[in-house]
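This briefing goes through helix packing, charge pairing and the nonpolar surface, in that order. Please keep the structure in view while reading.

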Amino acid sequence: MKINQGLICRVFSAVFIIAVSSFLITSFTFSEVQVPKKPGENIYVFDYANLIDSSDEEEMRALAREIEDKSKAEIIVVTVETLGSYTIEEYANKLFKSWGIGDKKLDNGVLILVNRENLLSGKKGRIRIEVGYGLEGAIPDGKAGRILDEYALPAFENKEYSKGIKDTFFVVAGEVAKEYGVEINSIEGFKNYESEHSNDKSNAVMTVFVAILIGFSLLITGIVILLAYKNPKLFNDSQYTMWQWEKRIYFKDKFDKDDEDDNDDSFKWFGGGSSGGGFGGFGGGSSGGGGASR
């Protein structure tokens, strides 16, 4: 049987062209279709990947609505099944600009994007906080990263995905509310979070204060020991109390006087005083790519 080489070449060429065209069309569709179209109504939480509990969803919606009513800032949560060929940074920035999150003049939007595919596999690109221009001072990149490290990732590692998203949202909402001086009183869950968060901050401040106090005490003790080593006579006289020793260290040029002056009540450790609306559309904001991903 005689083989028609020309026919074979034409067949292979046609198959090749169809394969390449299909690949290009599929790739283009795969990457573009993953960014959801801008919703007609802003309901703040768009759980396309079904990761958020309904109760958490309602709390976040109520809080986001109150913050927008009082500050025009928009905090949006979006969960998706996959990012396609995008990185999470590219996807978040594209979605942010496409939807116009935040007020158009203030650019005060925040997007919390969660990628279910990488979340379940534990890969990088699980979650991102994308911050609009107007809030980059309140939530700089470093702070956004710490929020994810301290609130999102610990919950994700325990497979508490809804909790991780809500906790992240609450912290971001707290930073936005603080930036605009907004008080949130209507959301019980957020008030409880604020109380716990405030206690954590107080404990941290107290720990730092105690550490500084201990360090200062050790420094003074070291100085006294060093002075005693270099000048033993300074501490040999048994007639001096510890307070008098300290006066000798700091006021030794005055010690030509009689020690009777030490009983003067005008120089004491302490002073001796007594203590006495509904859902709307998006605002048209934009982002310059600020934020953090994990």
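**Packing around helix α6**

Helix α2 passes α6 in a left-handed crossing, and this description, like those that follow, is drawn from a predicted model. Helix α6, which covers residues 161–180, also packs against helix α5.

*Helices α2 and α6*

- The axis of helix α2 (residues 54–71) comes within 11 Å of the axis of α6, and the two cross at roughly 15 degrees.
- Because angles under 35 degrees count as roughly parallel, α2 and α6 are roughly parallel to each other.
- On the α2 side the contacts are made by residues including Asp56, Met60, Leu63 and Ile67, while the α6 residues that they meet include Ile165, Phe169, Phe170 and Val176.

*Helices α5 and α6*

- Helix α5 (residues 141–157) packs with α6 at an angle of about 155 degrees, and their axes lie 7 Å apart.
- Since angles over 145 degrees count as roughly antiparallel, α5 and α6 are therefore roughly antiparallel to each other.
- The crossing in which α5 passes α6 is right-handed.
- Among the α5 residues in this contact are Lys143, Ile147, Leu148 and Tyr151, and among those they meet in α6 are Thr168, Val171, Val172 and Glu175.

*Charge pairing*

- The count of salt bridges comes to 11.
- Lys143 forms a salt bridge with Glu175, with the closest N and O atoms 3.1 Å apart.
- Lys143 lies in helix α5 and Glu175 in helix α6, so this pair ties together parts that are 32 residues apart in sequence.

*Nonpolar surface*

- Phe216, Leu219 and Ile223 make a nonpolar surface patch of about 290 Å².

How values were computed
Residues are numbered from 1 along each chain as its sequence is written. This is a predicted model: local features need pLDDT of at least 70, side-chain atom pairs count only at pLDDT 80 or more; totals for chains, interfaces and linings use all residues. Side-chain values use heavy atoms; hydrogens and water are left out. Patches are made of residues with over 30% relative accessible area and no salt bridge: like charges are joined within 9 Å, nonpolar side chains (Val, Leu, Ile, Met, Phe, Trp, Tyr) within 5 Å. Accessible areas come from the Shrake-Rupley method with a 1.4 Å probe; for residues, only the protein chains shown count as cover. A salt bridge is a side-chain nitrogen of Lys or Arg within 4 Å of a carboxyl oxygen of Asp or Glu. Axes are lines fitted to C-alpha atoms, for helices over the stretch in contact, and angles run from 0 to 180 degrees between N-to-C directions. Helices (H or I, at least four residues) and strands (E, at least two) are DSSP runs, numbered from the N terminus. Angles under 35 degrees count as roughly parallel, over 145 as roughly antiparallel, 65 to 115 as roughly perpendicular and the rest as oblique. A crossing is left-handed if the near helix is turned anticlockwise from the far one by less than a right angle, and right-handed if clockwise. Contact means heavy atoms within 4.5 Å.
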